[in-house]
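Here is a short tour of a protein model, written to be read with the structure open beside you.

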Amino acid sequence: MRICVQTEDFDSGAEIIRLAGQSNGVGAVNSFVGFVRDNNEDTHVGSLFLEHYPGMTEKQIEAILVEAEQRWAVLSATVIHRVGELKPGEQIVFVGVASPHRGDAFDACEFIIDYLKTRATFWKKESTPDGFRWLETRQTDVESADKWKQPT
Amino acid sequence: MNIKIVLFASLRETLDSDGLAFEVAPASTVASAIGALGASCGDAWLQVLSEANVLTAVNHTMVDDNHVLVEGDELAFFPPVTGG
């Protein structure tokens with residue numbers, strides 16, 4: 001698995017090629033890229049500041065990828081999450097999964113981004129015309145993550 | 001015993017601190033550390049860190065208020081996460 005928390009931008013195409021090249025058993029690569037929007041809750045967003053907890057964040061992402069590998073046929077997985085100040089239109093996050101077949105690649109990729117949003121220590125602060133505001137957890141994100149819970 | 005307190009995001013800004021070296025009684029829990037922080041750093045700390053949605057981690061693992069601390073622990077407080 002490949003985990004990067006970085007300020008620099010990333011090249012999604014290069015990441016997909018890297019995932020596909022991990023083995024000749026790869027039949028499908030599914031990827032998700034998140035971008036900064038210029039609006040949120042009817043307010044213009046001038047920029048976004050992303051903070052994380054160095055050390056803990058990477059550990060949490062690793063735990064999410066390990067769980068994905070246990071639940072689906074994952075040959076290789078990549079998470080790149082940017083931090084620092086980002087402008088509308090910039091890429092924030094890349095999730096990529098290589099699997100033998102598309103079903104596992106789709107499901108594992110969606111699982112990883114849903115868990116990233118609700119379980120990894122990142123925080124977003126928006127710059128709006130009224131000043132800075134820290135984002136609050138969206139209920140829809142919690143519901144998206146809850147659908148992956150397994151009966152215990 | 002000595003522990004390290006770290007704060008993130010809105011908590012760091014509200015309390016105007018990214019953390020501190022702190023001394024608590026041996027076998028303190030997270031809850032008692034919050035009480036001691038309030039007594040030492042001011043009521044605002046007690047109020048902010050006692051809010052229901054505040055999350056806590058010790059040495060990069062999520063814990064609850066009953067978790068017992070040991071010498072050298074890194075105790076982190078932060079709001080619900082909003083990444084992705």
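The notes below cover the cores, the helix packing and a few individual residues.

This is a predicted model, in which local features need pLDDT of at least 70 and side-chain atom pairs count only at pLDDT 80 or more, while totals for chains, interfaces and linings use all residues. Residues are numbered from 1 along each chain as its sequence is written, chains are lettered from A and ligands numbered from 1 in the order in which they are written, and side-chain values use heavy atoms, with hydrogens and water left out.

**Nonpolar cores**

- A nonpolar core here is a set of buried Ala, Val, Leu, Ile, Met, Phe, Trp, Tyr and Cys residues joined through side-chain atoms within 4.5 Å. Buried means under 20% relative accessible area, exposed means over 50%, and partly exposed is in between (1.4 Å probe, protein chains only).
- The largest nonpolar core has 28 residues, and the members that touch the most others are Val95(A), Phe111(A), Ile112(A) and Leu116(A).
- At least two residues of this core come from each of β5 (47–52), α2 (56–71), β6 (76–82), β8 (91–99) and α3 (102–119) of chain A. Helices (H or I, at least four residues) and strands (E, at least two) are DSSP runs, numbered from the N terminus.
- With seven residues, α3(A) gives the most to this core.
- Contact means heavy atoms within 4.5 Å.
- A second, separate core has 21 residues, among them Leu11(B), Val58(B), Leu69(B) and Leu75(B).
- As background, nonpolar side chains tend to be buried together in soluble globular proteins.

- Buried residues of α2(A) include Met56(A), Gln60(A), Ile64(A) and Ala68(A).
- The axes of α2(A) and α3(A) come within 10 Å and cross at roughly 150 degrees. Axes are lines fitted to C-alpha atoms, for helices over the stretch in contact, and angles run from 0 to 180 degrees between N-to-C directions.
- α2(A) and α3(A) are therefore roughly antiparallel to each other. Angles under 35 degrees count as roughly parallel, over 145 as roughly antiparallel, 65 to 115 as roughly perpendicular and the rest as oblique.
- The crossing of α2(A) and α3(A) is right-handed. A crossing is right-handed if the near helix is turned clockwise from the far one by less than a right angle, and left-handed if anticlockwise.
- Where they meet, α2(A) brings residues including Ile61(A), Leu65(A) and Arg71(A), and α3(A) brings residues including Phe111(A), Tyr115(A) and Arg119(A).
- α3(A) also packs against helix α4 (residues 139–146) of chain A, at an angle of about 130 degrees and with the axes 9 Å apart. That makes α3(A) oblique to α4(A).
- This crossing of α3(A) and α4(A) is left-handed, and the contact involves Asp114(A), Tyr115(A), Lys117(A) and Thr118(A) of α3(A) with Asp141(A), Val142(A), Ser144(A) and Ala145(A) of α4(A).

**Two residues of strand β2 in chain A**

- Asn30(A) is found in strand β2 (residues 28–35) and counts as buried at 15% relative accessibility.
- Beyond its neighbours within four places in sequence, Asn30(A) is in contact with residues including Val95(A), Val97(A), Phe106(A) and Cys109(A).
- Phe32(A) also lies in strand β2, but is partly exposed, with a relative accessible area of 30%.
- Leaving out residues up to four places away in sequence, Phe32(A) touches Val93(A), Phe94(A), Val95(A), Cys109(A) and Ile113(A).

**Positive phi values**

- Most residues other than glycine have a negative phi.
- Asp42(A), not a glycine, has a positive phi of about 65 degrees. Asp42(A) lies in the loop between β3 (39–40) and β4 (43–44) of chain A and is exposed, with a relative accessible area of 82%.
- Ala9(B) has a positive phi near 55 degrees. Ala9(B) is in helix α1 (residues 9–15) of chain B and counts as buried at 0% relative accessibility.
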